[in-house]
Amino acid sequence: MKHTDALDILQTIYGYPNFRGAQADIIDTIIDGGDALALMPTGGGKSICYQIPSLVRRGTGVVVSPLIALMQDQVDALRALNLNAAFINSTLSREEIADTEAALLAGDIDLLYVAPERLLMPTMLSLLDRAEIALFAIDEAHCVSQWGHDFRPEYMGLSLLQDRFPDIPRIALTATADQRTRDEIVKNLGLQGAKKFIAGFDRPNICYALAEARNVKDQLWEFLKSQHTESAGIVYCQSRKKVEDIAKWLCEQGRDAVPYHAGMPAQDRQRNQTHFLRNDSVIVVATIAFGMGIDKPDVRFVAHLNLPKSVEAYYQETGRAGRDGQPSDAWLVYGLQDVINLRNMMAESNADEQHKRVEHHKLEYMLSLAEQDMCRRRALLEYFDDPNEVVCGNCDNCLIPPETWDATDAARKALSCTYRTGQRFGVNYLVDVLLGKSNDRIINNDHQSQSTFGIGKELNATQWRSLFRQLIAKGFLTVDVGGHGSISLTDYARPLLRGEQTLKVRVSSAQSASSSRSGGGSKRRSAPTIKAADQPLWDELRALRKELAETAGVPAYVVFSDKTLAEMVDKRPLNESEMSKVSGVGQHKLDHYGDAFLDVMKHFATVT
Ligand code: ADP
Ligand code: ZN
């Protein structure tokens, strides 16, 4: 019965016909008073998992969200559905806070957003003691993990919710979590008894492309020109200087681009972020300081001009593209210099040795993803222990297979050397053995008398390292991340070692002359697939959306998502009843915007 309520809310308020994936189970768990940990890829629909139970259960859903700068937009999106949403943070005046507190105590708020540091204030906790609470939702729960890249110490304090409010269900949500992070979330938030919902990590609508940098600006321009002439996107750079430089250059090229980095005055940063969020064709050029909690669903591409420091970071940053499920691009170019810079940064950080080692190996994985010659998606999913046998057809390697060479013999030497030295050493050591270098360590270990000592002189050290990285990437070898970086063989290595299997690997881009891959990447056009004949209608709907959003002072997507507009183009609704069947058109939006959009539809029906 509760479930029917939930489904009814989904259909009438949100305008979606049915739940996706684990949504219904998660919602039922919370409605029944249980705790949950929900791991879902970005765009998977996490918000609904706590919003709907907040509406079904008595009281207010309290949402812990890390960034106060984004709360206004989150609340606006709910108000556009005619829900009673509010936030309490330092941007409000004393009177506004008092009003919100009174509304909370009166039971007039469906959803209340607060940052963790606010929630943990004694006054806030005693306010919550007096209010009726439907649930606690802990968004971006990976912030509680010290290993993660977004660690927020305040998140640790949230463990008190369990003791202070034992009868109120809690749901922790995140899009990134390898096993280690997942375990830490459970431990640090006291969610041992929670039901775990781990959805796959695949983001099928994102096309992945990674290439070596040659001339970064030319490559980026080629990519934008061929696929994203009018899309909103994020361009990530490692340094503030590069951010400024690329943003200025994009503006000179006629694009609406704004910089964002931690060195800018806060109000400039806020202004640029708002400009990006509110419009549907702005490019934000940023350091990784930008992006956490950005809910903008119509980001059509994420471009990296430097290598991220780990696969998690890459996955999370690229995950900001295409939350609405529409085709989007994750595009990256990187140079050897990135690797050197990242290594230096890690070496100079004052983290302890174990932490540094973990970071170092995470970087190695990222590099192996960049050098991969097989399906990128498959490699990415393997990293998250979410293996996927299919070849995706929507990444650069699937679309334009890279140049390869027959590495069967070399690979056997590498595997054999790893095995014979006891599977206790890292890549650099093994390469030295293969090249026959008699350094102190090798002599101490007596490996210069080993049968694989010096058998690999046909390749140089760079080529061997590239081969090792690819063997790791392909799963023949594994690295002990967190330990000493020692490499060992997996079960897949045996047939190769015995000569029952051949192996082709990618020609490292430093050796390859072909440059066709590094520019635009695929020929496939991203952004919602609108037929040329439908372009005028599409443009008209977007213009109307922009106008309505500006009038209301909300982001364009709060009016309707790209997906909803694309469905209007496709289904051509001409009356209210047809319009209400378009996904994303709920009752309140139909009342509010239905006529304006129907006018455009009717106009096009008569002219075409
Ligand atoms: P996440 O927080 O997991 O990244 P969101 O909650 O922002 O994802 O949802 C992504 C998009 O998918 C939003 O536009 C949301 O309204 C939409 N969505 C969520 N659930 C459904 C559903 N069951 N059917 C259709 N669209 C949905
Ligand atoms: Zn692929």
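**Figure 1. Contacts and overall dimensions of the predicted chain.** Of the contacts in the chain with a separation of 6 or more, 74% join residues 24 or more positions apart; contact means heavy atoms within 4.5 Å. This is a predicted model: local features need pLDDT of at least 70, side-chain atom pairs count only at pLDDT 80 or more, and totals for chains, interfaces and linings use all residues. Residues are numbered from 1 along each chain as its sequence is written, chains are lettered from A and ligands numbered from 1 in the order in which they are written, and side-chain values use heavy atoms, with hydrogens and water left out. The C-alpha atoms fill a box of roughly 80 × 65 × 50 Å along the principal axes.

**Figure 2. The domains.** Domain 1 spans 6-198, domain 2 206-399, domain 3 404-511 and domain 4 532-607. The bounds come from an automatic or database domain assignment. The C-alpha centres of domain 1 and domain 3 are 48 Å apart.

**Figure 3. The zinc ion (ligand 2).** Cys375, Cys392, Cys395 and Cys398 coordinate the ion through SG, at 2.3 to 2.4 Å. Donors are N, O and S atoms within 2.8 Å of the metal (3.2 Å for Na, K and Ca); water is not among the atoms, so sites may look incomplete. Angles of 100 to 119° between the 4 donor atoms make the arrangement tetrahedral (four donors, all angles between 85 and 135 degrees). The donor spacing in sequence is C-x16-C-x2-C-x2-C. Cys375 sits in the loop between α16 (353-371) and α17 (376-383), and Cys392 in the loop between α17 and α18 (396-399), so the pair ties together parts 17 residues apart in sequence. Helices (H or I, at least four residues) and strands (E, at least two) are DSSP runs, numbered from the N terminus. Cys375 is buried at 5% relative accessible area; Cys392 is partly exposed at 24%. Buried means under 20%, exposed over 50%, partly exposed in between (1.4 Å probe, protein chains only).

**Figure 4. The largest nonpolar core.** It has 113 residues, and Ile171, Phe276 and Leu307 have the most contacts inside it. A nonpolar core is a set of buried Ala, Val, Leu, Ile, Met, Phe, Trp, Tyr and Cys residues joined through side-chain atoms within 4.5 Å. Strand β5 (residues 133-138) gives the largest share, 6 residues. Domain 1 and domain 2 both contribute, so this core lies between them.

How values were computed. Tetrahedral: all angles 85-135°; square planar, octahedral: opposite > 155°, others 65-115°.
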